[in-house]
Amino acid sequence: MRQIVLLKDIPELTEIKLDSQTRAPIVEGVKRKISEVDKRALEAAIRLKEKVGGEVVALSMGDNKTKTALLEALAMGADAVYIVNEPEFRGVDTNATSKVLEAAVRNVGDYDLIIAGEMTLDSLSSQIGPRLAHLLDLPPITYVKELDVADGKVRAIRDLEDVDEVVEAALPAVVSVVREINEPRIPNLMSIMRAKKKPQTVWGAGDIGLDASEVKSQSYVQIMSVSAPKMERKQIKIEAETVEKAATKLVEALMQEGVL
Amino acid sequence: MSFLVFSEDRELAFQLLGKARELADKMSSEVAALATGSDPQEYVCQGADRVYTLSGLDRFNVEPYGTAVVEAVKAAKPSTVFIGATKRGKELAPWVASSLGVGCMNECSGVELKDGKIVVERLTYGGSNVAEETSTSIPTVISFPPRCFEKLESVERSGKVVELEMNLPEPRVKVVERREKPKSKADLESASIIVSAGRGFKAKEDLRLLEEIAEIIGAQIGCTRPISADLGWMDQWVGISGKKVKPSLYVACGVSGTIQHVAGIRDSQIIVSINSDEGAGIHGISDYSIVGDVYEVLPALTKALSERA
């Protein structure tokens, strides 16, 4: 079985600082790593491979730094990495991104299953799985917390608000997983060394048969501004000689606020 | 500029209709809705000028439902499509957008008209930032979670109900079993006081410390993601991937304050933090903080609360 896992390398969220004037996030120069939920998509693929055999390839749309970030995927157990690195594609929206990924998936060749994370933690858009399923005319299976493959079928448990839905679809299919599906492995030193020898292929727009300007013209959503809302909090530290006194002071303060 | 509204959750559909009506009135334009369930006329009472019905919309499945929404878009020719961002809706919105080859802004928290353009707000960077976004495609698909907007008062209005005729495709994802989740006792999203547990709690039994306080002040009990998703002590958590809450008082106990958790409590009126780690992020975003062990502070707080005047 051949599986394609979609990965995105994103800035380490806890290391993003804010511009003191505009409160806009400064992402330049922040270390990047594979988005947490995407990593679980990869772990799910590797576990399926360990069970039924085959190959796991990772696919990403990124830039010059993506190669380094995706070494972790190879160390975890991906067999090969494909990266679409096209300067013209920087900042395009999910409509254009899904078309790029569709072309890249077709270029990777035969596959039985595509697995993605339910959302990437930077943009939180939750769009790529369903969009890609539609473009490839495949069944979309979202919010997957348990995943298995047997007899040419994928069987999954979907985590919805009111129910856990047990579903089945014929392969190939596009699955997106939630964070609860597994705990991703931490590669050991040997795997990290071996990762550097595994193939990483980088494609530009032309390599996957795309006209960059045509793709860009299908990017519609524009981000007008990004900033961290000010949490205007009082930040009052309650201190007292004993916890009992501190607790009393807190209760008095909350009653004054009218929230008790 | 005109609107089409759809959610498989009727209450949410009515909330979106309320907002669409408000925006449409500013631009003297129209609002359409794709209805589910019986009584399509109620969508008119809730603000729609035109209501589409389509037989076969029973159990939600993204392929038939998405096809139905696309069909309604063809009929109504809206410039903006509002979808209810339940989990199903968050899957539906990009599927529909892809079918139409248009832009989609998923799970937005607000929308306004700016210089004649529809501009939305969305959380980004794990929930620590807010982005303002707009889209140039016609239509554009925008989704909003429950309780972003209020529904209108149901009044007699004039509007048309139009039946669409179409055979919906058989879903390729077959549901073989539905396991109902136990109905959660806590209704965190509408709670006015929430006391919440984080990793500072060592064992499930110790949640009793919170239960005692909750009883005295009529609070609901929440927790962080690890307490629920990893340890399974509670069935729902507060945060960007869980419940987003807006109580008048949120008491975070033994909570470290990750970006994702803080994004879920941002709209609380007053935040109290109790954590033994002076450097915990939660203290930096709270109104009142006590640096101390929950195992000492909470019993003292219980006592102080029961003795309060």
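Buried residues account for 53% of the 309 residues in chain B of this predicted model. Chain B holds 9 helices and 16 strands, and its C-alpha trace spans about 65 × 50 × 35 Å along the principal axes. Of the contacts in chain B with a separation of 6 or more, 61% are between residues 24 or more positions apart.

Chain B is divided into domain 1, residues 3-164, and domain 2, residues 188-306. The centres of these two domains, taken over C-alpha atoms, are separated by 34 Å. Contact between them involves 5 residues of domain 1 of chain B and 5 residues of domain 2 of chain B. On the domain 1 side, the touching residues divide into 1 nonpolar, 3 polar and 1 charged. Chain A is also assigned two domains, with domain 1 covering 2-216 and domain 2 covering 230-260. In chain A the domain centres, again taken over C-alpha atoms, are separated by 45 Å.

Six strands form an open sheet in the order β15(A)-β16(B)-β15(B)-β14(B)-β12(B)-β13(B), with parallel pairing. A:K237 stands opposite B:S289 in β16(B).

Within this sheet, strand β14 of chain B, residues 249-253, can be followed in detail. On one flank, 5 bridges join β14(B) to β12(B), residues 193-197, in parallel, and B:A197 stands opposite B:C253. On the other pairing, 5 bridges join β14(B) to β15(B), residues 270-275, also in parallel, with B:Y250 opposite B:I271. The chain passes from β14(B) to β15(B) through helix α7 of chain B, residues 259-265, and this β-α-β crossover is right-handed.

How do the side chains of β14(B) point? B:L249, B:V251 and B:C253 point one way, while B:Y250 and B:A252 point the other way. Residues pointing in both directions are buried. Because 5 of the 5 residues of β14(B) are buried, the strand is largely enclosed by the rest of the structure.

The contact between the chains takes 70 residues from chain B and 66 residues from chain A. Elements that give two or more residues to the chain B side include α4 (87-100), β7 (117-124), β8 (129-135), β11 (174-180) and α9 (294-306) of chain B. Strand β15 of chain B is also among the elements in that list, as is β16 (288-291) of chain B. The most is given by α4(B), with 9 residues. By residue class, the side of chain B that touches chain A divides into 30 nonpolar, 21 polar and 19 charged.

Strand pairing between the chains is also found at β11 of each chain. Here 6 bridges join β11(A), residues 163-170, to β11(B), and the two strands run antiparallel. A:E168 stands opposite B:K174 in this pair.

Leaving aside neighbours within four places in sequence, A:V5 is in contact with A:A41, A:L42, A:A45, A:V56, A:A58, A:L59, A:A78 and A:I115.

Is A:V105 buried or exposed? A:V105 counts as buried because it has 22 C-beta neighbours inside 10 Å, and the cut-off for a buried residue is 20 or more. Apart from neighbours within four places in sequence, A:V105 is in contact with A:I4, A:L59, A:I114 and A:L136. A:L59 is 46 residues from A:V105 along the chain, and their C-alpha atoms are separated by 7.9 Å.

Note on methods: Residues numbered from 1 in each chain as written. Chains lettered and ligands numbered in written order. Predicted model: local features only at pLDDT ≥ 70, side-chain atom pairs only at ≥ 80, totals over all residues. Buried ≥ 20, exposed ≤ 12 C-beta atoms within 10 Å, placed from the backbone. Helix = DSSP H or I, 4+ residues; strand = E, 2+ residues; numbered from the N terminus. Pairing = 2+ DSSP bridges. Right-handed = clockwise from strand over helix to strand, strands pointing away. Domains from an automatic or database assignment. Contact = placed C-beta atoms within 7 Å. Nonpolar A, V, L, I, M, F, W, Y, C, P; charged D, E, K, R; others polar.
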